[in-house]
Amino acid sequence: MGQRMAPSLSLRALTKVWPNGTRALEPVSLDVAGGDDPEFVAILGGSGAGKSTLLRCIARLVEPTSGQVLLDGTDMSAATGRALSEARARVGFVFQQFNLVPRYTALENVLLARVPRRTYWQGILGRFSDEDRAIAARSLEQVGLADKLDAPARELSGGQQQRVAVARAFAQEPRLLLADEPTASLDPRLADVVLDLLRAYGREHRVPVLVNVHTVDHARRFATRILGLREGKLVFDGPSSSLAGDAEAVLEKIYGASAVTNVVQPRAK
Ligand SMILES: Nc1ncnc2c1ncn2[C@@H]1O[C@H](COP(=O)(O)OP(=O)(O)O)[C@@H](O)[C@H]1O
Ligand SMILES: [Mg+2]
């Protein structure tokens, strides 16, 4: 009692219908725990299943049609104006295509994560505080890029760029970490590095992590829990152990019978 509540995420009948009528997200309700044993959730589903829409609605990068997103008990979906920027600032988001500013250095890209915390009069382009710089530099150290602080993002490799993007998310000091296919543009070794970093952050800071992964193998090896999306519906929710051994029944639910063979034994590229 009296202790700070463990971070947690709750979705209540979260729904997204795009303006063209596409029902990308049927009402999705679930709870994801942080705390001593924070969940690392892998979201699986075929192309167009609604995985990106789900993460974007949680982060309010797109407006949900209805439903609620509760982060640490606060209703993010009801926030507007300044409260909305503050709520967004607490959610770290890693994109498949990194979304860095190419001409900015690694450090400057990570400092952008600190912008919402600065007072209005400091302005966007003014000086960052020593504390902001220290947090940004520390985040880059955490991802193994201490020697790249001053390198322009455009001169970094894909794996390095994604680690800058991960550092930027860390520098937000997020209470929730989301990543949308963060490894889809990386080779397998770098993919493991990035997923490892996300997992380590979750454990160290006791926050829930939700990742859209594009391989069943990643889900099996990194996640504690698997969500399966199909046509906007949550068709599976279970521990990652349900993917151990013969997982054909689970994968059939998520991907459909005809696709399973390819998902389980992807053809070499
Ligand atoms: N901005 C958009 N406008 C209209 N429809 C969209 C938009 N973004 C995604 N969709 C549609 O929503 C559905 C879910 O897409 P998405 O969330 O991107 O799936 P996934 O990430 O699982 O591939 C798809 O039918 C897709 O075409
Ligand atoms: Mg997607």
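This is a predicted model: local features need pLDDT of at least 70, side-chain atom pairs count only at pLDDT 80 or more; totals for chains, interfaces and linings use all residues.
Local features are taken only where pLDDT is at least 70 and side-chain atom pairs only at pLDDT 80 or more, whereas totals for chains, interfaces and linings use all residues. Residues are numbered from 1 along each chain as its sequence is written, chains are lettered from A and ligands numbered from 1 in the order in which they are written, and side-chain values use heavy atoms, with hydrogens and water left out.

The protein chain contains nine helices and 10 strands, where helices (H or I, at least four residues) and strands (E, at least two) are DSSP runs numbered from the N terminus. Of its 269 residues, 51% are buried, a term that denotes under 20% relative accessible area, with exposed denoting over 50% and partly exposed the range in between (1.4 Å probe, protein chains only). Among the contacts in the chain with a separation of 6 or more, 69% are accounted for by residues 24 or more positions apart, contact being defined as heavy atoms within 4.5 Å.

In soluble globular proteins, nonpolar side chains tend to be buried together. A nonpolar core is here a set of buried Ala, Val, Leu, Ile, Met, Phe, Trp, Tyr and Cys residues joined through side-chain atoms within 4.5 Å. The largest such core comprises 54 residues, and Leu44, Leu140, Leu198 and Leu243 are those with the most contacts inside it. Helix H5, which spans residues 158–171, gives the most to this core, with seven residues. Apart from it lies another core, which has 28 residues, including Ala49, Ile58, Val62 and Ala87. When residues up to four places away in sequence are not counted, Leu198 touches Phe40, Val94, Val166, Leu177, Ala179, Pro182, Val209 and Val211.

Helix H4 (residues 130–142) holds Ser139 and also Ala137. Ser139 is buried, with a relative accessible area of 4%, and, leaving aside its neighbours within four places in sequence, Ser139 is in contact with Val110, Ala167, Phe170 and Ala171. Ala137 is likewise buried, at a relative accessible area of 16%, and touches Leu107 and Leu149 when residues up to four places away in sequence are not counted. The C-alpha atoms of Ala137 and Ala171 are separated by 8.9 Å, although these residues stand 34 residues apart along the chain.

In helix H8 (residues 248–255), the buried residues are Val250, Leu251, Ile254 and Tyr255. Seen down the axis of H8, these buried residues fall within an arc of 110°, so they line one face of the helix; the arc is that of the directions from the helix axis to the C-beta atoms.

A search of the whole structure finds two aromatic pairs, a pair being counted if the ring centres of Phe, Tyr and Trp (its six-membered ring) lie within 6.5 Å, with planes under 30 degrees apart taken as stacked, over 60 as edge-to-face and the rest as tilted. Phe93 and Phe95 form a tilted pair, at 4.6 Å centre to centre with 40° between the planes, and both residues are buried. Phe170 and Tyr201 form a stacked pair, at 4.6 Å centre to centre with 20° between the planes. Because Phe170 lies in helix H5 and Tyr201 in helix H6 (residues 188–205), this pair ties together parts that are 31 residues apart in sequence. Phe170 and Tyr201 are both buried.

Strand E1 (residues 8–17) and strand E4 (residues 66–71) pair in the antiparallel sense over five bridges, strands being taken to pair if DSSP finds at least two bridges between them. Within this pairing, Val69 in E4 is the bridge partner of Leu11. E4 also pairs with strand E5 (residues 74–75), again in the antiparallel sense, over two bridges, and Leu71 stands opposite Thr74 in E5. The hairpin of E4 and E5 has two residues between the strands, and Asp72 in this hairpin takes a positive phi near 50°.

Most residues other than glycine have a negative phi. Glu173, in the loop between H5 and strand E7 (176–180), has a positive phi near 50° and is partly exposed, with a relative accessible area of 37%. Glu181, in the loop between E7 and H6, has a positive phi of about 45° but counts as buried, at 18% relative accessibility.
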